[in-house]
Amino acid sequence: MSRTPPPWMQPLLSRLGSARAEDFTRIATPASGGRESAVLVLLGEEPGAGPDVLVLQRAATLRNHAGQPAFPGGAADPGDADSAATALREANEEVDLDPASVTVLAELPRLWIPVSDFVVTPVLGWWHRPHRVHPREPAEVAHVARLPVAELVAPENRLRVRHPSGWIGPAFSVRGMLVWGFTAGVLAALLEMGGWARPWPDDRVVDLPPAGAAPAPSAGTDAADEMAGPLA
């Protein structure tokens, strides 16, 4: 594939030029402090399947975020040149992604996650040379999937979840994964910015299943405009 982003990405790239943290969360990012980290929002395309995004599922045995779907990513290392370097390094370590197969397109606004005190920079990439990926450390990553945008925006696959803390936010139930928290918040915002989102009723709210429980059934709801879940 070409390193040049395809036409279907252009509306999103144009909108990101004016994106602010407020477009993704109601929580202000502090001017200093927090643990710097980055995640890779990797958009690709498969023949006959259309655009997709790469998501991994954390191992159910982890102490934090067990079983949760997430973008590849993690905390910055001292040797990382920038947020893109952090995101690509982490993706390589987690799912064996070849950094040379990715064209970095943009860094999104830095977003603060109070519960873990991470300050996360989502890095948008175009997977110009897709290849097979897999969990490099099964004790940390249980599964890797390319989730089609068409399935993410399908009304029957969208819902909101209620965390035991009372927090309610957007979620997606796709291919056996319940995507919620930080990951779902970023996805919901990007789908809107790209002009890909479809109308869906916002009256379906389900309680977040306990860690390790089966995902909630596919549901239809509209994207919530709040996003303050854990780094997942």
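This is a predicted model: local features need pLDDT of at least 70, side-chain atom pairs count only at pLDDT 80 or more; totals for chains, interfaces and linings use all residues.
**View 1. Salt bridge between Asp-52 and Arg-146.** The closest N and O atoms of Asp-52 and Arg-146 are 3.1 Å apart. The pair links distant parts of the chain, with Asp-52 in strand 2 (residues 50-58) and Arg-146 in strand 8 (residues 141-148).

**View 2. Salt bridge between Arg-58 and Glu-94.** The side chains of Arg-58 and Glu-94 meet at 2.9 Å, N to O. Arg-58 belongs to strand 2 and Glu-94 to helix 2 (residues 83-95), so that distant parts of the chain, 36 residues apart, are linked. Arg-58 has a relative accessible area of 14% and is therefore buried, the cut-off being under 20%. Glu-94 also counts as buried, because its relative accessibility is 8%.

**View 3. Salt bridge between Arg-162 and Asp-207.** Between Arg-162 and Asp-207 the closest N and O atoms are 2.7 Å apart. Arg-162 lies in strand 9 (residues 158-162) and Asp-207 in strand 12 (residues 205-207), so this pair ties together parts that are 45 residues apart in sequence. Arg-162 counts as partly exposed because its relative accessibility is 32%. Asp-207, at 52% relative accessibility, counts as exposed, since exposed means over 50%.

**View 4. Network of salt bridges around Arg-89.** Salt bridges link Asp-77, Asp-80, Arg-89, Glu-90 and Glu-93 in a network. For the model, the count comes to 13 salt bridges.

Methods: Residues are numbered from 1 along each chain as its sequence is written. Side-chain values use heavy atoms; hydrogens and water are left out. A salt bridge is a side-chain nitrogen of Lys or Arg within 4 Å of a carboxyl oxygen of Asp or Glu. Helices (H or I, at least four residues) and strands (E, at least two) are DSSP runs, numbered from the N terminus. Buried means under 20% relative accessible area, exposed over 50%, partly exposed in between (1.4 Å probe, protein chains only).
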